[in-house]
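Hi everyone, thanks for making the time this morning. Let me put the structure up on the screen, and then we can walk through a few places in it together.

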Amino acid sequence: IGKTIYYYDTVDSTNIKAKNIALDENNGAVIISEEQTKGRGRLGRDWISPKYKGVWMSIILKPNIPPEDAPKITQIAAAAVSKSFDDLGIKNKIKWPNDIVINKKKVCGILTEMSGEIGRLKYIVIGIGINANLDEKDLTDDIKEMATSIKIENGSIVNRENLIIDILEKFEYLYEDFLKTKSLNKTLDICSEKSALLGKMVYLVKGEERFKVRAIDLDSEGRLIVEDKLGNKETIISGEISIRGL
Ligand code: BTN
């Protein structure tokens with residue numbers, strides 16, 4: 001991972017760049033930009049990506065796995081980012097499936113996109129956005145309610161180069177282990193240990209409806225198991241449902 005790195009001053013979105021070159025690129029190529037003018041979040045949302053202040057990067061992967069396993073790679077990325085934060089002394093939790101939070105507010109989001117046919121994956125792009133050194137003024141009022149930056153929470157500037165190197169190293173380790181063992185064991189150890197949700201009451205949002213449930217476990221596929229007050233259990237596939245209110 002990261003043998004080839006494309007580094008830009010500004011791009012529309014590193015995920016868009018990555019998708020444009022993915023078919024011709026090698027597994028593990030990384031796109032990094034100082035700024036994104038059209039940064040994208042999940043559910044088509046905008047992702048604020050001011051210059052020199054964050055980590056905006058995308059990893060191109062060509063694993064031989066079925067498309068439905070792609071969310072597992074998202075979990076691997078979340079585990080890698082969370083552990084790298086730990087190493088730099090940045091307290092954090094993983095909000096399943098793919099956010100990293102500090103003091104309950106989001107500092108990192110992951111956007112996984114893929115291309116393929118049924119049963120055959122062409123590529124996966126893992127986009128990682130980290131609000132490293134954003135200031136209050138970089139965030140709009142509505143975003144400030146849910147999101148923050150490492151600098152705002154910790155009061156100190158993050159060395160983005162060190163963070164990127166650490167994340168790519170950890171990601172490679174967990175990703176190789178997953179491909180070799182076909183199991184998420186190492187990743188799930190981290191995701192459970194660092195989970196912001198496990199043991200807590202959360203809202204499960206399905207369309208217009210909202211259910212209060214307890215997050216109780218991650219299964220071997222990285223799916224979240226929740227339980228309602230009657231003791232009925234449900235397994236949630238990442239992306240299918242959003243969870244609010246931790
Ligand atoms: C989310 O909604 O939580 C996912 C946010 C993902 C943002 C990153 S920044 C690098 C990459 N390029 C994008 O346009 N989005 C992802």
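This is a predicted model: local features need pLDDT of at least 70, side-chain atom pairs count only at pLDDT 80 or more; totals for chains, interfaces and linings use all residues.

You'll find Asn103 in the loop between β5 and β6, the latter being residues 105-117. Its backbone is worth a look too: phi of Asn103 is near 45°, a positive value in a residue other than glycine. For context, most residues other than glycine have a negative phi.

Where else does that turn up? Lys182 also has a positive phi, about 60°, and is not a glycine. Lys182 sits in the loop between α5 and α6, with α6 covering 185-193. Is Lys182 buried or exposed? With 9 C-beta neighbours inside 10 Å, Lys182 is exposed.

One more backbone feature, then. The peptide bond from Trp96 to Pro97 is cis, and omega there is near 5°. Most peptide bonds, by contrast, are trans. Pro97 belongs to the loop between β4 (93-95) and β5 (99-102).

The unreviewed UniProt entry carries a "binding site" annotation covering Ser13, Thr14, Asn15, Gln36, Arg40, Gly41, Arg42 and Lys106. Let me pick two of these.

Ser13 lies in the loop between β1 (5-8) and α1 (14-21). Ser13 is buried, since 22 other C-beta atoms are within 10 Å. Leaving aside neighbours within four places in sequence, Ser13 contacts Gln36, Lys38, Gly39 and Arg40. Asn15, for its part, is in helix α1, and its 26 C-beta neighbours inside 10 Å make it buried. Beyond residues up to four places away in sequence, Asn15 touches Arg40, Ser58, Leu111, Glu113, Val125 and Gly127.

Last stop, a pair of helices. How do α2 and α5 cross? The axes of α2 (residues 70-87) and α5 (residues 160-181) come within 8 Å and cross at roughly 135°, which makes α2 oblique to α5. The crossing is right-handed. On the α2 side, the contact includes Ile76, Ala80 and Lys83, while α5 contributes residues including Ile167, Phe171 and Leu174. The residues of this contact divide into eleven nonpolar, one polar and five charged.

That's my tour, and I'm happy to go back to any of these spots.

Technical notes. Residues are numbered from 1 along each chain as its sequence is written. UniProt positions are given in the numbering used here, feature names are shortened, and annotations may be inferred rather than shown by experiment. Helices (H or I, at least four residues) and strands (E, at least two) are DSSP runs, numbered from the N terminus. A residue is buried if 20 or more other C-beta atoms lie within 10 Å of its own, exposed if 12 or fewer, and partly exposed in between; C-beta atoms are placed from the backbone. Two residues are in contact if their C-beta atoms, placed from the backbone, lie within 7 Å. Axes are lines fitted to C-alpha atoms, for helices over the stretch in contact, and angles run from 0 to 180 degrees between N-to-C directions. Angles under 35 degrees count as roughly parallel, over 145 as roughly antiparallel, 65 to 115 as roughly perpendicular and the rest as oblique. A crossing is left-handed if the near helix is turned anticlockwise from the far one by less than a right angle, and right-handed if clockwise. Ala, Val, Leu, Ile, Met, Phe, Trp, Tyr, Cys and Pro count as nonpolar, Asp, Glu, Lys and Arg as charged, and the others, Gly among them, as polar.
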